[in-house]
Amino acid sequence: MTAGTIPALRSGPRYWWRSFLMMTRWEIVGLRLLLPITVFVQLLTGAGFVLGVGLFFGQIPPRAALFVSTGVIVITLATVGLVLGPQLIAGQKAQQTYDFIWSLPVPRSTAAAAWIVTNTIIAVPGMVVALVVANIRYDIDLVISIGILPGALLTLYTATMLGYAIAHSIKQPMLINLITQVTIFALTGFSPVNFPKEQLPGWLAALNEVLPLLHMANVMRAGLTEGIVTGLTRSYAVLGLWAVAATMVTGWVLRRRQ
Amino acid sequence: MTDWTFRATDVTKSYDDGETFANDHLTLHVEPGEVYGLLGPNGAGKTTLVKQVIGLLKPDSGSLTLGPTDLVADPDAARQMCSYLPQAQMPINSFKAHEAIKITGMIRGGSADAVAARRNELIEALDIDEWRDTLGAKLSGGVKRLVGFAMVAVWPGRVVILDEPTNDVDPLRRRLLWEQVRRLGDEGVAVFLVTHNVLEAEKSVDRLAIIDEGKILAEGTPSSLKQSDRGRLRLQVMLVPRSETPELPPFVLGHTRVRNNLIAVVPEAAAASGIGWAQQLMEHGVAEEYALGATTLEDAYVRLTGDIEAKASATS
């Protein structure tokens, strides 16, 4: 009997934890070549957006500057989860390496958890740099509270799980990329992330009340500012529902076999 | 004592249209320690079958079991007990060769020390030590394939599925790889080998099945499958490029042509006539060389799966 023959099936919390650690290691080493450039692009995107808005408008009123600056970091987090993540999975599908990864003997949830850790590593530097640049450029009144932690975590988690569910449920890599492109377009143009929702037409504002992006912006902004976010509990509730739904869909997609 | 035989029973899997069958009531078994080959042309349904074993696809009907474990009902158990080398290259561009092997072994449940020791053995046995610290992105296709093999063999479980393991591997290291495949068998692992390389499989497998269009056409040991070719020889004639297939003499029992390679099956009694015919072809400038030899598994394979050229032209 070989050393590698499994004496008994593994299960339980220790198996889960070990699988999670190993998959996190797998993901991080797997991104070794891409990680520096990906983090750099995130830095450029965040800082570039902050500075770009300033160049476009010249003078920005303080309240608008505060909205843009805090909105940009929501965009950096949401982009990682909803765009970058799915594109990496689309790449695995295009290169036909997807099958091997999903044949590995780990609980599916540990692969998802490792993915969230990886996305956090990619997203956080861009978020911090965008805030620092915004502070220098616009001299905004940031009031950073502990609320930023649950806000950022919930935002990143929901965006990552939504992106994960999209990427795993669609077979065609091209289609995944197309959907993520549309998502980023909607994210920056039609969601009240960088501006107050009152500036949208009524129906679009109403639609955003049930979509997650407005609420991602609210929970993040509440942790970075004082006095401009209302209805925070509702935002946490809506975003929490999206997080639960995305988790359930992801769980279903990952267990599904064709 | 548990019997850990792998069994596929009446496995049927249709494509998305629900009418064409990738696997059509397939039944086979692989015992622990056995190297079992699944041979067939492209699109025969080989990969579809192994993807069902590992839980990437689900059969429409039929069962896949490993000893007492129902692999269809429990894909988590299937992944723990079966390791899988897919036909595509491994996703290891960012990994150093030794890291990729070790991390996979640890994901498969081995302890760091035991996996490292087994990894070192495999690196040495496959003669890939000079690329030990090289990133996957910089490895040639063949070396990457060998690293991939080491990734699944380092902590193999009870069943190892190898889908075209020797693709891109140089002839010398192919031998080393087959030795390690054999060793897995000797250690009690059931090896499920998917290939269309008939000649290599002949030397490496204990038993095999030839499948086409989702059905098993024949199953047995390599010699039992060659049995109906007893008393026959294969006359291989290398034709001049782009020449027409010459008229075949009446003693030729069957033939196939792949590009310039014409293989004619002749009775042993007609060996001299066969050589005479081939020499004539060379004199007339139709052929460049010929060889007469014993029939191989490839002849049985071609007989069962049909004329490759005829098939290619029928599907094109």
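Q: What is the bridge partner of L85(B) in β7(B)?
A: The partner is L162(B). This is a predicted model: local features need pLDDT of at least 70, side-chain atom pairs count only at pLDDT 80 or more, and totals for chains, interfaces and linings use all residues. Residues are numbered from 1 along each chain as its sequence is written, while chains are lettered from A and ligands numbered from 1 in the order in which they are written.

Q: Why are both faces of strand β6 of chain B called covered?
A: A residue is buried if 20 or more other C-beta atoms lie within 10 Å of its own, exposed if 12 or fewer, and partly exposed in between, with C-beta atoms placed from the backbone. In β6 (residues 82-85), C82(B) and Y84(B) are buried on one side, and S83(B) and L85(B) on the other. In a regular strand the side chains alternate between the two faces of the sheet.

Q: What makes helix α1 of chain B mostly covered?
A: In α1 (residues 46-53), eight of the eight residues are buried. Among them are K46(B), L49(B), V50(B) and V53(B). After α1(B) comes G55(B), with a positive phi near 85°.

Q: What is I161(B) in contact with, leaving aside its neighbours within four places in sequence?
A: Contact takes C-beta atoms, placed from the backbone, within 7 Å of each other. The partners of I161(B) include V50(B), I54(B), C82(B), Y84(B) and F192(B).

Q: Why is a set of residues called a nonpolar core?
A: Its members are buried Ala, Val, Leu, Ile, Met, Phe, Trp, Tyr and Cys residues, joined through C-beta atoms within 7 Å. The largest core here has 148 residues. V147(B), A150(B), I161(B), V191(B) and F192(B) touch the most other members. Helix α3 (residues 62-94) of chain A gives the most to this core, with 16 residues.

Q: How do you know that this core lies between domain 1 and domain 2 of chain B?
A: Domain 1 (6-220) and domain 2 (226-315) both give residues to the core, so it lies between them. The domain bounds come from an automatic or database domain assignment. A second, separate core has 12 residues, including W277(B) and L281(B).

Q: How do you know that the radius of gyration of chain B agrees with a compact globule?
A: The radius is taken over C-alpha atoms, and the globule rule is 2.2 Å times the number of residues to the power 0.38. For 316 residues a compact globule would come near 20 Å; chain B has 22 Å, which agrees. Its C-alpha trace spans about 65 × 45 × 40 Å along the principal axes.

Q: Why do β12 and β14 of chain B stand at the edges of their sheet?
A: The sheet is open, antiparallel and ordered β12-β13-β11-β14 in chain B. β12 (254-258) and β14 (287-294) each have a single partner strand, so one side of each lacks a neighbour in the sheet. On average, neighbouring strands are turned by 20° against each other, direction ignored.

Q: What does helix α9 of chain B touch on the sheet?
A: α9 (residues 271-283) touches β11 (232-239), β13 and β14 of chain B. Its direction makes about 165° with that of β14(B). Axes are lines fitted to C-alpha atoms, for helices over the stretch in contact, and angles run from 0 to 180 degrees between N-to-C directions.

Q: How many residues of chain B are in contact with chain A?
A: 36 residues of chain B are in contact with 29 of chain A. On the chain B side, α2(B) gives the most, five residues.

Conventions: Helices (H or I, at least four residues) and strands (E, at least two) are DSSP runs, numbered from the N terminus. Two residues are in contact if their C-beta atoms, placed from the backbone, lie within 7 Å. Two strands pair if DSSP finds at least two bridges between them.
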